[in-house]
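Subject: Handing over a structure

Hi there,

Here is the structure I promised to pass on to you.

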Amino acid sequence: MTDPALTWTVAHLAKDDAIRWRCACRVWTLPRRRLAQMVGPGERLHLIGLRPELWCEACGDVPMVGHWQPGRR
């Protein structure tokens, strides 16, 4: 049996939600729309930090832990 949380994708986020990451040099937030442009709407959220497109350009850190930032409801 698969944990349902492991099947969530970028498309499951609400249109105004975002993901917030921290690396060695900064904290940054990517809104759902930008995230979908970078990695595609079908990318699973629990694997998204492995995508080189999301690695920090300044320090090269890999964002292994992201935090969901709910939009305004």
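I'll begin with a cysteine. Cys 25 is partly exposed, with a relative accessible area of 43% (buried is under 20%, exposed is over 50% and partly exposed lies in between, with a 1.4 Å probe and protein chains only).

A word on the basis of all this: the model is predicted, so local features need pLDDT of at least 70 and side-chain atom pairs count only at pLDDT 80 or more, while totals for chains, interfaces and linings use all residues. Residues are numbered from 1 along each chain as its sequence is written, and side-chain values use heavy atoms, with hydrogens and water left out.

Back to the cysteines. The structure has 0 disulfides (a disulfide being a pair of cysteine sulfur atoms within 2.5 Å). Cys 23 is in none, as the nearest cysteine sulfur, in Cys 56, is 3.6 Å away. For Cys 25, too, the closest cysteine sulfur is that of Cys 56, and at 3.6 Å it is too far for a bond. Cys 23 is buried, at a relative accessible area of 9%.

Next, the sheet. Three strands form an open, antiparallel sheet in the order β2-β1-β3 (helices, H or I of at least four residues, and strands, E of at least two, are DSSP runs numbered from the N terminus; two strands pair if DSSP finds at least two bridges between them). Strands β2 and β3 are at the edges with a single partner strand each, so one side of each has no neighbour in the sheet. From one strand to the next, the twist averages 25° (axes are lines fitted to C-alpha atoms, for helices over the stretch in contact, and angles run from 0 to 180 degrees between N-to-C directions).

Strand β1 (residues 18-22) meets β2 (residues 27-31) through 5 bridges, and a hairpin of 4 residues joins the two. Ala 18 has Pro 31 in β2 as its bridge partner. On the pairing with β3 (residues 66-69), β1 makes 4 bridges; there Arg 20 stands opposite His 67, and Trp 21 has Gly 66 as its bridge partner.

Finally, helix α1 (residues 32-39). Arg 32, Leu 35 and Val 39 are buried there. They lie on the same side of α1, because they cover an arc of only 60° around the axis (taken from the directions from the helix axis to the C-beta atoms). Arg 33 and Gln 37, on the other side, are exposed. The cover over the buried residues of α1 includes β1 and β2 (contact means heavy atoms within 4.5 Å). After α1 comes Gly 40, with a positive phi near 95°.

Enjoy exploring!
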